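Biologist: I'm new to reading models like this one. Please take me through it, one question at a time.

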Amino acid sequence: MDWRTADRRPQFPKVWNMSWNKKHLLDIESLTVEEINTVLDTARGFKAVGERAIKKVPALRGKTVINLFVEPSTRTRISFELAAQRLSADLVNFGVEASSFKKGETLKDTARNLEALNADMIIIRHSASGAPHFLSRVLNASVINAGDGAHEHPTQALLDLFTIREKKGRIAGLNVTILGDILYSRVARSNIWALTKLGAKVTLCGPATLVPKMFERMGCRVTYNVEEAIRDADIINLLRIQHERQRKAMFPSIGEYTQMFGLNKARLEKTRPDALIMHPGPINRGVEIDSEIADCSRSVILEQVTNGLAVRMAVLYLVNGGKNP
Amino acid sequence: MPEATVILTAVLIQRALTRIAHEIAERNENAAEVVLVGIPLLGDHLATRLGKILSEIWGEPVPVGVLDVTLHRDDLDQRSAPEVHATDITFDISGKTVVLVDDVLYTGRTIRAAMDALNDFGRPRKIQLAVLIDRGHRELPIKADFVGKNVPTAHGERIALMLTETGVKEDEVVLVKKKI
């Protein structure tokens with residue numbers, strides 16, 4: 001009799017196959033393959049919630065979530081905001097303009113004040129790498145990294161994986177090319193960790209000043225020839241040139257970057273016909289991507305936004321159940 | 001190894017489902033108003049089977065949907081987050097008689113969550129409940145309208161339902177006794 005293997009009924013949590021017991025989401029680097037897949041599987045259910053007439057479920061009813069965005073952001077903040085609201089949590093936005101930062105309060109004190117208001121989860125974006133890790137050590141609340149410096153942006157990588165898996169049916173074995181400013185990009189780092197963990201082959205391309213060879217140590221291929229980089233790609237992930245993060249000029253001019261590395265029609269014609277174009281946004285039309293291409297059928301940029309909401313709902317839902325430090 | 005007793009064999013499961021289908025048909029005169037909604041992981045398979053039998057009885061197709069109740073559970077704070085399954089209700093349930101289908105009725109909390117979740121899809125005229133096994137120990141004032149078999153159980157025991165849809169060779173319901 002094989003009742004033990006066949007029985008997967010909800011009354012018996014011990015036979016369940018859910019691989020998530022983390023209280024925080026701090027980075028992709030420390031996640032296992034099973035944990036990443038759990039987020040992606042869970043997000044599928046939440047995407048369906050967003051397609052209903054009533055887009056709200058009571059899973060986090062009574063929970064207080066704080067969006068602590070110490071660095072400006074619109075789309076990630078709104079995505080987390082909607083995610084929390086669709087799970088019936090109460091959410092407060094706390095922005096960089098907030099007076100406490102202007103008055104010189106430290107991050108730790110700000111966060112502990114927010115926790116004193118009984119916040120259950122704190123979503124943090126900060127210009128300093130490791131700020132979420134630091135908060136997770138001083139707070140009892142769950143901490144979710146919404147981007148820390150040039151370190152990681154885990155939910156962006158998870159939504160990129162979700163989009164790839166949905167479109168291609170798999171991740172292992174795919175050729176993924178990340179093109180643009182890798183050095184200053186937390187999106188690139190999180191994506192590299194996530195993609196290599198799941199067995200994709202990652203190629204990085206861009207100006208040598210922004211794509212140092214040291215990234216080969218993360219298991220990627222580095223090339224400076226854009227045509228060669230995108231020729232066999234299943235996925236072309238374009239990153240924005242981040243003017244605000246560059247302390248000095250890393251390439252001669254925007255015009256030259258566009259000419260050397262921008263994705264245009266001529267370059268796209270030499271790629272696989274089923275290669276998908278992704279971009280974490282906001283896009284600079286006419287810089288890293290031709291306006292025409294951003295709107296073409298191979299671009300999944302807007303689907304990434306839709307999927308981002310589902311993935312963030314899944315993350316909030318999962319960390320709520322996580323208990324361990 | 002804990003002791004396991006067979007409660008229902010494949011033949012008896014099929015017989016119980018056929019009887020439940022006839023009872024649903026008897027209770028609901030207007031076939032066009034009845035829809036079936038199963039609760040994963042096994043209720044959705046039972047709903048599909050019931051739908052097939054009912055369609056034969058009535059001579060017209062009966063809509064069958066799947067409703068995941070995970071996000072409406074009342075114990076999400078007391079455990080690690082349970083798996084979220086797909087919900088698939090492609091028809092309008094407003095004004096219909098919704099027959100919820102689940103495998104085992106125990107505390108009644110799943111059914112409470114299901115009734116809550118159904119509200120997001122419309123306002124049914126009636127909700128009825130069909131279960132293959134009623135094992136007692138209700139913690140909420142909930143009662144099944146259609147029951148395959150009543151099985152008296154103790155709290156530590158568990159009921160394991162196996163259906164061929166999940167990859168096992170033969171349908172079966174077993175009662176697994178408490179470990180001593």
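Modeller: First, a definition: helices (H or I, at least four residues) and strands (E, at least two) are DSSP runs, numbered from the N terminus. Residues count from 1 along each chain as its sequence is written, while chains are lettered from A and ligands numbered from 1 in the order written. The model is predicted, so local features need pLDDT of at least 70 and side-chain atom pairs pLDDT 80 or more, whereas totals for chains, interfaces and linings use all residues.

Biologist: Where is A:N118 found?

Modeller: Its phi is positive, near 65°, though A:N118 isn't a glycine. Look in chain A, in the loop between α5 (107-116) and β3 (121-126).

Biologist: Is A:N118 buried or exposed?

Modeller: Count other C-beta atoms, placed from the backbone, within 10 Å of the residue's own: 20 or more is buried, 12 or fewer exposed, anything in between partly exposed. A:N118 has 9, so it is exposed.

Biologist: Which strands stand at the edges of the sheet in chain B?

Modeller: Strands pair if DSSP finds at least two bridges between them. Here five strands make an open, parallel sheet, in the order β3-β2-β4-β5-β6. Having a single partner each, so that one side lacks a neighbour in the sheet, the edge strands of chain B are β3 (64-66) and β6 (146-150).

Biologist: What is omega for the cis peptide bond joining B:P40 and B:L41?

Modeller: Most peptide bonds are trans. B:L41 lies in the loop between β2 and α2 of chain B, and omega for the cis bond from B:P40 is about 15°.
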